[in-house]
Amino acid sequence: MSSERGKDIAEGSSRVNPGDQQQQPPTPSRYESQKRRDWNTFGQYLKNQRPPVPLSQCNCNHVLDFLRYLDQFGKTKVHLQGCMFYGQPEPPAPCTCPLRQAWGSLDALIGRLRAAYEENGGSPETNPFASGAIRVYLREVRECQAKARGIPYKKKKKKPTQGKGSDESSSTIHFS
């Protein structure tokens, strides 16, 4: 085999032995890269707490604190109720209202961290990112930001399923 391999190299053959190349892992998708960055950022946040919080002791309160911490890096103007531009989608002038993280960004972040938690060995039952308190917080942020910008968020109504009760034989399973 080695004489044949030498001949292939000398002749410029493109035939390659499977053991000759090292497999490069595929480049992670943008989502996977962002998920890893978010996971590392959250882990660093926990380490910087006084005292540091081990991931095994992390709960939804730590996640809520992390989300509030991130607000300082936000780019979305959220008008306060006393602001003359409160409720206006496109205010005509600047104001001193704070910048916050946009609801959509926080929602996407929680989705990535929820997945990363389980991929890193956490159980779905103890996932602090899947907590009801997180869902309530996100809903409140969405509603607050919608009111501040004058954009009503309406719940989408579920479309009625067609054919319900019209043809029993197609929807009923009979066992004999």
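**Helix packing in a predicted model**

Reader: Where does Gly104 lie?

Author: Gly104 is in helix H4. Helices (H or I, at least four residues) and strands (E, at least two) are DSSP runs, numbered from the N terminus. The model is predicted, with pLDDT of at least 70 needed for local features and 80 or more for side-chain atom pairs, while totals for chains, interfaces and linings use all residues. Numbering runs from 1 along each chain as its sequence is written, and side-chain values use heavy atoms, without hydrogens and water.

Reader: Left-handed or right-handed, H4 on H5?

Author: The H4 and H5 crossing is left-handed. Left-handed has the near helix turned anticlockwise from the far one by less than a right angle, right-handed clockwise.

Reader: Which residues of H4 and H5 make the contact?

Author: H4 brings Trp103, Leu106, Asp107 and Ile110, and H5 brings Ile134, Tyr137, Leu138, Val141, Arg142 and Gln145. Contact means heavy atoms within 4.5 Å. By class, the contact of H4 with H5 has 7 nonpolar, 1 polar and 2 charged residues. Ala, Val, Leu, Ile, Met, Phe, Trp, Tyr, Cys and Pro count as nonpolar, Asp, Glu, Lys and Arg as charged, and the others, Gly among them, as polar.

Reader: What about H3 and H4, at what angle do they cross?

Author: Roughly 140 degrees, and the axes of H3 and H4 come within 12 Å. That angle makes H3 oblique to H4. H3 passes H4 in a right-handed crossing.

Reader: Which residues of H3 and H4 make that contact?

Author: Val63, Phe66, Leu67 and Leu70 from H3, and Leu106, Leu109, Ile110 and Leu113 from H4. The contact of H3 with H4 divides into 8 nonpolar residues, no polar and no charged.

Reader: H2 and H3: at what angle do they pack?

Author: About 105 degrees, with the axes of H2 and H3 11 Å apart. H2 and H3 are therefore roughly perpendicular. On the H2 side, Thr41, Phe42, Tyr45 and Leu46 meet His62, Val63, Asp65, Phe66 and Tyr69 of H3. The contact of H2 with H3 has 6 nonpolar, 2 polar and 1 charged residues.

Reader: What joins Arg50 and Pro51?

Author: A cis peptide bond, with omega about -5 degrees. Pro51 sits in the loop between H2 and H3.

Reader: On to the core. Which residues of the largest nonpolar core touch the most other members?

Author: Phe42, Val63 and Phe129, in a core of 22 residues. A nonpolar core is a set of buried Ala, Val, Leu, Ile, Met, Phe, Trp, Tyr and Cys residues joined through side-chain atoms within 4.5 Å. H2 (30-47), H3 (60-70), H4 (103-119) and H5 (132-149) are the elements that each give this core two or more residues. H4 supplies the largest share of this core, 6 residues.

Reader: What is Val63 in contact with?

Author: Leaving aside neighbours within four places in sequence, Val63 is in contact with Phe42, Cys58, Ile110, Pro128, Phe129 and Ile134.

Reader: Asp38, buried or exposed?

Author: Asp38 counts as buried because its relative accessibility is 9%. Asp38 lies in H2 and touches Leu109, Arg112 and Leu113, not counting residues up to four places away in sequence.

Reader: Overall, how many helices and strands?

Author: The chain has 6 helices and 2 strands, in the order α-α-α-β-β-α-α-α along the sequence. Of its 176 residues, 26% count as buried. Among contacts with a separation of 6 or more, 59% join residues 24 or more positions apart.

Definitions and conventions:
Buried < 20%, exposed > 50% of the residue type's maximum accessible area, 1.4 Å probe, protein only. Axes fitted to C-alpha atoms, helices over the stretch in contact; angles between N-to-C directions. Parallel < 35°, antiparallel > 145°, perpendicular 65-115°, else oblique.
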